[in-house]
Amino acid sequence: AMGFVEWYESPTSDKVRFAPLLLIPVELHRRTVNARFRLRMLDEEITTNLSLQAKLKVDFGLKLPDVPDVDDLIPADYFAAVEPVFFVGAVFVAVV
């Protein structure tokens, strides 16, 4: 995962919630039992967190921007595009 949202579900809530924004498909691999694990990105699309996307839509009426193709994705630009979404309808703290 890359980029996280921290939020409160209401102005009176004292419990902070956390959720990842982007999900990156990876594989853990090691050659032998004693070898170190290696992390390798799979040749699949980077997507938004579907659970977060559904919660935002149902609970707050919000929609996340579409994730650009991996060749066009600049995480900082995506997070900047996402941040304004979170300041409507809920008490959001940060997109990091």
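Leaving aside its neighbours within four places in sequence, with which residues is Asn 49 in contact? Counting heavy atoms within 4.5 Å as a contact, Asn 49 meets Ala 19, Pro 20, Leu 21 and Leu 23. The model is predicted, with local features needing pLDDT of at least 70 and side-chain atom pairs counting only at pLDDT 80 or more, while totals for chains, interfaces and linings use all residues. Residues are numbered from 1 along each chain as its sequence is written, and side-chain values use heavy atoms, with hydrogens and water left out.

- Asn 49 sits in the loop that runs between β5 (47-48) and α1 (50-60), where helices (H or I, at least four residues) and strands (E, at least two) are DSSP runs numbered from the N terminus.
- Asn 49 is buried, its relative accessible area being 10%; buried means under 20%, exposed over 50% and partly exposed in between, with a 1.4 Å probe and protein chains only.
- The N-terminal end of α1 is capped by Asn 49, which has a side-chain oxygen 3.0 Å from the backbone nitrogen of Ser 51.
- A polar atom of the Asn 49 side chain also lies 3.1 Å from the backbone nitrogen of Leu 52.

**The two sides of α1**

- Leu 52, Leu 56 and Phe 60 are the buried residues of α1, and they lie on the same side of the helix because they cover an arc of only 40 degrees around the axis, taken from the directions from the helix axis to the C-beta atoms.
- On the face of α1 turned away from that buried side are the exposed residues Leu 50, Ser 51, Lys 57 and Val 58.
- After α1 comes Gly 61, which has a positive phi, near 70 degrees.

**Gln 53 within the helix**

- Gln 53, which belongs to helix α1, is partly exposed, with a relative accessible area of 25%.
- Not counting residues up to four places away in sequence, Gln 53 touches Thr 48 and Leu 64.
- Between Gln 53 and Leu 64 the C-alpha to C-alpha distance is 6.5 Å, although they are 11 residues apart in sequence.

**The largest pocket**

- Among the residues that line the largest pocket are Met 41, Asp 43, Thr 48, Val 67 and Val 70.
- The lining of this pocket divides into six nonpolar, two polar and four charged residues, where Ala, Val, Leu, Ile, Met, Phe, Trp, Tyr, Cys and Pro count as nonpolar, Asp, Glu, Lys and Arg as charged, and the others, Gly among them, as polar.
- A pocket here is an open set of points on a 1 Å grid over the protein atoms alone, where a 1.4 Å probe fits, with protein on both sides within 12 Å along at least five of seven lines, and lining residues have an atom within 4 Å of a point.

Methods:
Polar contact = N/O pair within 3.5 Å; in protein donor to acceptor, adjacent residues only side chain to side chain.
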